[in-house]
Amino acid sequence: MATLQDIGLAAAINILSAVAFLIAFAFLRLQPINDRVYFPKWYLKGVRSSPTSGGNIVGKFVNLDMKSYLKFLGWMPAALKMPEPELIDHAGLDSAVFLRIYLIGLKIFVPMAILAFAILVPVNWTNDYLDNSKLEHSDIDKLSISNIPPGSKRFWTHLVMAYVFTFWTFYVLYKEYNKVATMRLDFLASERRRPDQFTVLVRNIPPDPDESISELTEHFFLVNHPDHYLTHQVVYNANKLAKLVKDKKKNRNWLDYYMLKYERKPDEKPTCKTGFLGLCGTKVDAIDYYTKKIEELSKEELLERERVKKDSKSVVPAAFVSFRSRWGAAVCAQTQQTRNPTMWLTEWAPEPRDVYWNNLSIPFFYLTIRRLIVGVAFFFLTFFYIIPIAFVQTLANIEGIEKSAPFLKPIIEIGFIKSFIQGFLPGIALKIFLILLPMILMFMSKFEGHVCTSVLERKAAFKYYFFLVVNVFLGSVITGAAFQQLNTFIHESPDQISKTIGGAIPMKATFFITYSMVDGWAGVAGEILRLKPLIIFHLKNFFLVKTEKDREEAMDPGSIGFDSSEPQIQLYFLLGLVYAVVTPFLLPFIIVFFALAYVVYRHQIINVYNQEYESGAAFWPSVHVRIITALIISQLLLLGLLSTLGAAQSTPVLLALPVLTIWFHYFCKHRFESAFVKYPLQEAMMKDTLEKAREPNVNLKGYLLNAYIHPVFKGGDDDDDDLLIVDEPYNDEVLVPTKRQSRRNTPVPSKHNGSSPPSLPDVSREL
């Protein structure tokens, strides 16, 4: 059982760790040699160049301006200075709305903490129930609901505060949902032209014996969307080709490394081993070895590229279809195309950066099977992971260890060791157990077959959140209660066990306090230090970098990592909402996390992270649902807790809270969620009309024609902003027959002669 002394030691360790990380960052960020690590976003935007300090060689590596060190904490106010509209222009709406999650935490929990410490803490403290009971407890537990005797009328205070906290959460969530929905619509209305605004993804195109996928797609949309269809791009299964390109690039990097090494030491030919990871096998000349490998891969790549272009089987029954207007795309994306609801499925196309090309080649009917497999695998992963969680709980309970291993008692009882085990070790052990989990869950989401990186991250985030609720929260509470009260369980009758667990649940707040300090204080401060990217950049800079382009590629700005960071934030919402009424002492630790994380991640978003895609805050409904879920869990746990503490008469009153919360969720869902899943036709028409008035002669077809070609077929970096202006708008009005004589002619010509399957567009030709 962690005491105030244990919590104090844990707080001291984590505060010192956080301060050390922040001071180290404040020093390292000022050094010119580290500038690309801590400000990569500005380099990618082309508005920053490598700084120098002084006129000598040393000044290129070390900051010699002593005055700058006096303002080493100046990054904090600088991170808060940028206004939100400017932040959206600079980093995108996704990043700006992600930061608002931390602000919601502060808006919810700061008033809760003030009320809880003003009302609930005195009500809990002015009792002596725990002192007269057999339950293991500490001074912190006297501040919790566990210190109130069963059947006391004081429980009505907690019940009233539960209603106050619930309605305050409703108010904050409603205002925020309304705000973010408005921000999204304004963002979509004001944003510059993007290919995904005019394009839909069509899947499960039915096979046709007479026409290719490309011809069938063109004729279908010419018949059913004659006034709005513009062009299309079929999807090719180029996964093998992409793998060859990736392998070739990797081997070229190794060749560059060994050639640079040879240039530095011409008298010594570099060698390498051909076995696993270069650790075993025959030793050969490294330059000759990688030169031959690149030549072999180049031949394979050329053959595979030709095969994909010519083999009709490499065409996937899916296509990106583009329209003449946003209005036409919105109508197609949000309607059913045929009487068979399983064919010609349309959805908004993700922006080109957001497409996860590997999954587009998965046959549509395999997706259900894959998701079933992932569901079963995730079930076993979640519920078998309780074993290491239970082990972590043994570290949190000295009493359980001493009863299981009495010979360790003399060592464990040493003051510092005992405080370290109970106050710091459980949190860091749990953090270590969770390190690999996000990667496993992302792999599962990719296996499910989702075609957008943003959707992959949202699906992985859902799995991670469910895992944290079941294992980290419920698992820690249940197993921790069992270990804490092990002696009480053994010596009492079975009908009293439920009451013992009910009294022990609030006491688990001490474990979550230690976890919040390890993960939420030291962990967040460690994020800004960027130790791993710092080391990797300097290794690449020393061994591989020869040109300015090489130096840019060595930078690793990273991104927000929504799949792992957002569920971790939600865990703090869950802890805060559960323990706000039960053990308010936890709230200040959670508030510190939200405040520190907001400043740190604002700095990272402004200066470091380069977001891979822009979804227009499409993740917000998921954030809202998870906070609502946490609120319902807190209400149900409070309901069960009061029932075990002899306050069953409050049950009917508390039952109304989950019902109200579910009603509130559906109210917000019907009121705001459509803004995140649909595009209003009125907004689309307004945007189209304004654009036609400003740019009447834009060659939209030229802009969209190659936007959704697989990256391996592009000759260079794709510039979505290059619009080709022509004298007259694109227009075709000629009638030609389809290849299927039993069907009607289409109103505009087919672009294929029918003698061979369509080939990939030549992106190098002039449009």
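This is a predicted model: local features need pLDDT of at least 70, side-chain atom pairs count only at pLDDT 80 or more; totals for chains, interfaces and linings use all residues.
Trainee: How far apart are the end C-alpha atoms of helix α14?

Mentor: Helix α14 covers residues 367-384, which makes 18 residues. At 1.5 Å a residue such a helix should span 26 Å, and the separation computed between its end C-alpha atoms agrees with this, being 26 Å.

Trainee: Within what arc do the buried residues of α14 fall, seen down its axis?

Mentor: The buried residues of α14 are Leu367, Val374, Phe378, Leu381 and Thr382. They line one face of the helix, because, seen down the axis of α14, they fall within an arc of 90°.

Trainee: Which exposed residues does α14 carry on the face turned away from its buried side?

Mentor: An α-helix has 3.6 residues a turn, so residues three or four places apart point the same way. In α14, the face turned away from the buried side carries exposed residues, and these are Thr368, Leu372 and Phe384.

Trainee: How many disulfides does the model have?

Mentor: A disulfide is a covalent bond between the sulfur atoms of two cysteines. For a pair to count here, the two sulfur atoms must lie within 2.5 Å. By this rule the number of disulfides comes to 0.

Trainee: Is Cys452 buried or exposed?

Mentor: A residue counts as buried when its relative accessible area is under 20%. Cys452 has a relative accessibility of 9%, and therefore Cys452 counts as buried.

Trainee: Which helices each supply at least two residues of the lining of the largest cavity?

Mentor: The largest cavity holds about 100 Å³ of space, and 13 residues line it, with Ala162, Thr166, Leu577, Val581 and Ser634 nearest its centre. By class, this lining has 10 nonpolar and 3 polar residues and no charged ones. The helices that each supply at least two of the lining residues are α8, α27 and α29.

Trainee: Which residues lie nearest the centre of the second largest pocket?

Mentor: About 1600 Å³ of space lies in this second largest pocket, and its lining has 20 nonpolar, 9 polar and 10 charged residues. Among the elements that each supply at least two lining residues are α20, α24 and α28. Of the 39 residues that line the pocket, those nearest its centre are Glu527, Ser559, Ile560, Gly561 and Ser564.

Trainee: What separates the C-alpha atoms of Lys540 and Tyr257?

Mentor: Lys540 has its place in helix α25, and at 33% relative accessibility Lys540 counts as partly exposed. Along the chain, Lys540 and Tyr257 are 283 residues apart, while their C-alpha atoms are separated by 9.5 Å.

Trainee: Where is Ala617 found?

Mentor: Ala617 has a positive phi of about 65° although it is not a glycine. With a relative accessible area of 0%, Ala617 is buried. The place where Ala617 is found is the loop between α28 and α29.

Trainee: What is the phi of Trp344?

Mentor: Trp344 lies in the loop between α12 and β6, and with a relative accessible area of 6% Trp344 is buried. Although Trp344 is not a glycine, its phi is positive, at about 50°.

Key: Residues are numbered from 1 along each chain as its sequence is written. Side-chain values use heavy atoms; hydrogens and water are left out. Helices (H or I, at least four residues) and strands (E, at least two) are DSSP runs, numbered from the N terminus. The expected span of a helix is 1.5 Å times one less than its number of residues. Buried means under 20% relative accessible area, exposed over 50%, partly exposed in between (1.4 Å probe, protein chains only). The arc is that of the directions from the helix axis to the C-beta atoms. On a 1 Å grid over the protein atoms alone, a cavity is a set of points where a 1.4 Å probe fits but cannot get out, and a pocket is an open set with protein on both sides within 12 Å along at least five of seven lines; lining residues have an atom within 4 Å of a point. Grid points are joined across faces, edges and corners, and a volume is the space filled by probe spheres set on the points. Ala, Val, Leu, Ile, Met, Phe, Trp, Tyr, Cys and Pro count as nonpolar, Asp, Glu, Lys and Arg as charged, and the others, Gly among them, as polar.
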